[in-house]
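Here are my notes for someone opening this structure for the first time. Please read them with the model on screen.

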Amino acid sequence: MKPAAGSPTPSSLPRELRSAPLRTIAPVATLALLAFAGWLAWQRLPLQALAALACAVPAVVATWLVHKRAAQLSSAGLLLCLVNVAGCLLAAGELGHRALPWSLLTLMANFFLVHNRIATPANLLLVAGLLLIPGVLRRPALDLQALVVMALILGFGFRFSRRLQGDRTRLEQLASLDELTGLPNRRALEKTLVQQIGSARNGRFRHALVILDIDHFKDVNDHYGHTAGDNALVELAAILRLELREQDKVFRFGGEEFVILAEAGSRESLASFTERVRESVQQLLHGPGGGITISLGAAMYAGEQYWQDWFSRADAALYLAKGNGRNSVVIADDPG
C-alpha cells in the first residue's frame, strides 16, 4: 500500500484532546472581553474600554491559532491563559466583588488551557492581584469564604489536570500501538518518519527504511483460518523484536506488512542486515503448513523532503522482491 506523496500526517491524539477546551474557551473569552469593553465604553470609561480591547486582541489571535494553526496549540493556550488573568484583574478593578464569579471560572479554565507548571503560577498571580485590589476579597474584612472556594478550585483543578494529562499520555500510547502484535502502528510510524526526516539532513545516508511482508499470507488465512494468520503475525513480530538491534525500530504498517527503520551506514551494511533478518525469519517462523518466509524491500534515506517519497522507493523494491520469486531482498537504487 503506497501512501500518497506529500500527504499530511494525522495529528496526535493528545493534540486533538488539548484543542477541544481551547476551541471552546478561546471564542467565549474573546466575546466576553469584547462585551466588557462595550459595557465600559457605554459607562463612559474610555481608558478602561481600551484596556479591555487590548486584552481582546490577543484573545482573537489565540482563537485564530486554535482553529487555523494546529501546531501552535501551546502558544494559543499560553496566550489565552495570560489574557484571562489580565481580563479578570481589569474586571475586578472596575466591578469589585461582582467580578469574583468570572475569576472563579478563570481559575478552573486555565488548568485546561496550559500545563500545570504554567497554570498554577498564573492562577496564584490572579489570586494575589485580587487580594491587592480593594473591594474584591477585602470588603473591608477578608472574605474567607471566597478564599476557601478559590483554594478548593486550585487544588481540584491541579489534581484533575494532572490526571487528564496522564490520561492523554496513556491514550496516545494506546492509539500508537497495534493491538494484535503490540508493535507501534502506522500512526507511530508516520510520526517517527516525519521526525526522522526533520533531523536526518545532516546524516544523509545513516538511516534506511525496510518494508517486509509475509509471502503467500492469504493462503495461510484461506487454508488454516484467520487464527493461524494472526499467530503468524504475532510470531513474526516477536522474531523481529529479537533480531533487530537496539537502535532499530519496527512497526506494523497494516495487514501482513511491517516496516523497519534501521541505522545503516552503507548499502552493503543494509544488505547484510536485511539478509540476516530474512534468514532468521525463514528458520524460525512456522505455521500449520510448514515454514513461512518474508520478502523485503529497502531504501537508504536520500534526502527526500517527504517521508512518503522515501517509503515509495522501499515499497517499489518490495514489489521487485515479490516478483523475483519471494523470500528475497531488494535494495532500491539511490535516486539519480
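1. **An aromatic cluster.** Start with three rings: Phe-112, Phe-156 and Phe-160 form one aromatic cluster. Keep in mind that this is a predicted model. Across the whole structure, a search finds six aromatic pairs. One of them joins Phe-112 and Phe-160. Their ring centres are 5.7 Å apart, and the planes make an angle of 50°. That geometry is tilted. The pair links distant parts of the chain. Phe-112 belongs to helix 4 (residues 100-113), Phe-160 belongs to helix 6 (residues 144-175), and 48 residues separate them.

2. Now turn to Trp-307 and Phe-311. They form an edge-to-face pair, 6.0 Å from centre to centre, with 90° between the planes. Both residues sit in helix 11 (residues 307-323). They are four residues apart, about one turn of the helix. Trp-307 is buried because its relative accessibility is 4%, under the 20% limit. Phe-311 comes to 0%, so it is buried too.

3. **A charge over a ring.** Look next at Arg-245 and Phe-273. The charged end of Arg-245 sits over the ring of Phe-273. The distance to the ring centre is 4.4 Å.

4. **The chain as a whole.** How many helices and strands does the protein chain have? The secondary structure comes to 11 helices and seven strands. The chain holds 336 residues, and 44% of them count as buried. Take the contacts with a separation of 6 or more: 70% of these come from residues 24 or more positions apart. The accessible surface is about 17200 Å². Carbon and sulfur atoms account for 60% of that surface.

5. **Helix 9.** This helix covers residues 226-243, which is 18 residues. From first C-alpha to last it reaches 26 Å, close to the 26 Å expected at 1.5 Å a residue. Its buried residues are Ala-228, Gly-229, Ala-232, Leu-233, Leu-236, Ala-237, Ile-239 and Leu-240. What do the buried residues of helix 9 pack against? The helices are helix 8 (217-224) and helix 10 (267-284). The strands are strand 1 (207-214), strand 2 (249-254), strand 3 (257-263) and strand 6 (294-300).

6. Lys-322 and Asp-213 are both buried.

7. Asp-333 is at 61% relative accessibility, so it counts as exposed. Arg-267 is at 31%, and therefore counts as partly exposed.

8. Arg-313 forms a salt bridge with Glu-304. Their closest N and O atoms are 2.7 Å apart. Both Arg-313 and Glu-304 are buried. Salt bridges with shared partners join Asp-213, Asp-215 and Lys-322 into one network.

9. **A last residue to check.** Find Asn-84 in helix 3 (residues 73-95). Why does Asn-84 count as buried? The reason is a relative accessible area of 9%, which is under 20%. Which residues does Asn-84 touch, leaving aside those up to four places away in sequence? The contacts are Ala-29, Thr-106, Asn-110 and Leu-113.

Note on methods:
Residues are numbered from 1 along each chain as its sequence is written. This is a predicted model: local features need pLDDT of at least 70, side-chain atom pairs count only at pLDDT 80 or more; totals for chains, interfaces and linings use all residues. Side-chain values use heavy atoms; hydrogens and water are left out. Rings of Phe, Tyr and Trp (its six-membered ring) pair if their centres lie within 6.5 Å; planes under 30 degrees apart count as stacked, over 60 as edge-to-face and the rest as tilted. Helices (H or I, at least four residues) and strands (E, at least two) are DSSP runs, numbered from the N terminus. Buried means under 20% relative accessible area, exposed over 50%, partly exposed in between (1.4 Å probe, protein chains only). A charge sits over a ring if NZ of Lys or CZ of Arg is within 6 Å of the ring centre and within 35 degrees of the ring normal. Contact means heavy atoms within 4.5 Å. Accessible areas come from the Shrake-Rupley method with a 1.4 Å probe; for residues, only the protein chains shown count as cover. The expected span of a helix is 1.5 Å times one less than its number of residues. A salt bridge is a side-chain nitrogen of Lys or Arg within 4 Å of a carboxyl oxygen of Asp or Glu.
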